[in-house]
Amino acid sequence: MAAPRKLSMKQRYAALTHDLDWDFSYVDNAEAYPYTTFEGIKIHDWSKWEDPFRLTVDAYMKYQAEKDKRLYAVLDSFAQGQGHLSLADAKYLNAMKLFLQGVTPLEYQAHRNFSFLARHLNGPGPRFAALCQSQDELRHAQTEIHTLSNYNKFYGGFHSWHHQHDRVWYLSVPKSFFDDAVSAGPFEFMIAIGFSFEYLLTNLLFVPFMSGASFNGDLPTMTFGFSAQSDESRHMTFGLEAIKFLLEQDPDNVPIVQEWIDKWFWRGYRLLALVSQMLDYMLPRKVMSWKEAFELYFEQQMLGGLFKDLEYYGIRPPKHVQHAIDEKEILSHQVYWTLYQFSFAAAFNTTTPDSEHLQWLAEQYPDTFDTLYKPLWDKASRMVEGGGRHFARALPQLCQTCQIPMLFTEPGDPTTICQRHSIYEGERFDFCSDGCKWIFDREPEKYVQAWLPVHQIYMGNCGGPTVPDVLAWYGLQPGDNGEYAGSQEALDWAAWHTTSHAPAPTPVAGN
Amino acid sequence: MAVRAIGEYKFPSSSRQELYGDDQLVHVYWKHNMFICAPSCFRVPKAMPWSAFLSEVVYPVWGQDPDFDPATAQFAWEVDDASISPSGDQSLESLGIGHKSLIVANAA
């Protein structure tokens, strides 16, 4: 018997993916793929989808297993050596609580919807790429959970992240963002998540968190970041291939794709408001300011690079991009000021910036910080010194689209809250910005269903009428929320670091 | 523009007034007071008198700001972009304040 012919990588890939595809003789194509026509996108030739990463399942599994092995070795040694004690400060973990509560569940949602695409796209190339991405997203959800679970033994805020993702007010922001994407058609999802989230905005989301981890002694999260990096670059390529494929298939696709870019840029940008305050306020050791990150990862890389390339297809920069650029000097301050006042109802702590931190903020934001925001912190500090740390006393008005409290200001007027509204079927709906109003007005039937945490609390759907009722329903435990100074976490951290005979950290009860 | 969907796409609002019985949601914003980070949302009876609304609902919340003194506070009021001159015994409903109306306070 002749020896089997050895195939090249390219041939192997073709044999194991495209060549396994077949045309149906027993069922109509429209019946087999029922979801790829209703959005108005026209695809003439699915074989034109280029696969930049010619991965086969066996190669994929081998790479991922190697990365997992390295990550879990780091997690084990970090846990065994009480590595958490060498973090910059326990306060740093507030950023990771937000990540676990807000981002990890999105990885799982992405896994689910990419696996839907892996079944429902007509072409074998994009189906296989979606299958790989679906597996990546599941692995990311799992490895993030395992990476951060070590901290759950010693610190508050990590124990009920999944439960909280579905219930807590600020987590309705990422949750509703992704619900919007997964309830759209497959092509909009590809632009929403594959392109806008995984390409346009991914560096602004992941680099700050992973660099923050590295600057603040969080070796496990940093290692997770490296382990996810090669997947993320594959996802970016998928997103870029998706948009080019749609634009090249038919000129009628261009205006549809443009509207999706306009919508999902703004949706994603509003979601990143949480990242902006994380960079400027939550990290004890600073990486870069939000303004700097936005200029580098968005203005230079995306507006200066990507959109120049997309011009060829007739695509222009996102509709409300100028508003985002104008907000870079004020965004993080407005967001953290709000979280500071509402952290009694959050699964993380906030605190007044110290003088060194105020100085850094003034240097990073010379045109806005000392004039607009320092006076607020000075007043807050005076109240703290007088024993009256203040919290908000009422629930906030929310934006119907992004679900963030109405904390953003009028373009060009940083002391007046921006108020927009639309009347739909006789009912008033409020928005934080022209971008969010425009998104609602395109598809009001979608956003009138929004589960707005404040409105649901007032309807009695969140555990009861009082603050303790709602916090119990959120799954908050003592020590999870409120002011950081004097918190159990701050006291533990100080005790673990002050004497050489400090008690070894013992796991937090109930976690 | 309608949602492009695989079937009929029609759902009621999750915040519609009827879900609150005789009450409604109202939003209150103290303009230019940056100390209070965002306008507030309240659930209140439509028939609530304006004076009770201020003294029992709004002013206790604004007491978060140590510089606020309800005894001396003077505001010019707007409802949904129109000026109003409320008297204390008028109900919210009679002042034209509807479900999710925006009440803006301009400090005098």
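## Chain A at a glance

Of the 511 residues in chain A, 46% count as buried, meaning that 20 or more other C-beta atoms, placed from the backbone, lie within 10 Å of a residue's own. Keep in mind that this is a predicted model, where local features need pLDDT of at least 70, side-chain atom pairs count only at pLDDT 80 or more, and totals for chains, interfaces and linings use all residues. Residues are numbered from 1 along each chain as its sequence is written, while chains are lettered from A and ligands numbered from 1 in the order in which they are written.

**Overall build**

- Chain A has 23 helices and six strands; these are DSSP runs numbered from the N terminus, with helices (H or I) of at least four residues and strands (E) of at least two.
- The radius of gyration of chain A is 24 Å, which agrees with the value near 24 Å for a compact globule of 511 residues (taken over C-alpha atoms; the rule is 2.2 Å times the number of residues to the power 0.38).
- Along the principal axes, the C-alpha atoms of chain A fill a box of roughly 85 × 60 × 45 Å.
- Take the contacts in chain A with a separation of 6 or more: 78% of them join residues 24 or more positions apart (a contact means C-beta atoms, placed from the backbone, within 7 Å).

**A tucked-away helix**

- Helix α8 (residues 172-182) of chain A has nine of its eleven residues buried, so it is largely enclosed by the rest of the structure.
- Among those buried residues of α8(A) are F177(A), F178(A) and D180(A).

**Two helices side by side**

- Helix α6 (residues 124-152) and helix α11 (residues 219-249) of chain A pack at about 165°, with axes 10 Å apart (axes are lines fitted to C-alpha atoms over the stretch in contact, and angles run from 0 to 180 degrees between N-to-C directions).
- That makes α6(A) roughly antiparallel to α11(A), a label for angles over 145 degrees.
- The residues making this contact include H140(A) of α6(A) and H235(A) of α11(A).

**Where chain A meets chain B**

- The contact takes 41 residues from chain A and 35 residues from chain B.
- On the chain A side, α21(A) gives the largest share, four residues.
- The residues on that side divide into 20 nonpolar, eleven polar and ten charged (Ala, Val, Leu, Ile, Met, Phe, Trp, Tyr, Cys and Pro count as nonpolar, Asp, Glu, Lys and Arg as charged, and the others, Gly among them, as polar).

Methods: A residue is buried if 20 or more other C-beta atoms lie within 10 Å of its own, exposed if 12 or fewer, and partly exposed in between; C-beta atoms are placed from the backbone. Two residues are in contact if their C-beta atoms, placed from the backbone, lie within 7 Å. Angles under 35 degrees count as roughly parallel, over 145 as roughly antiparallel, 65 to 115 as roughly perpendicular and the rest as oblique.
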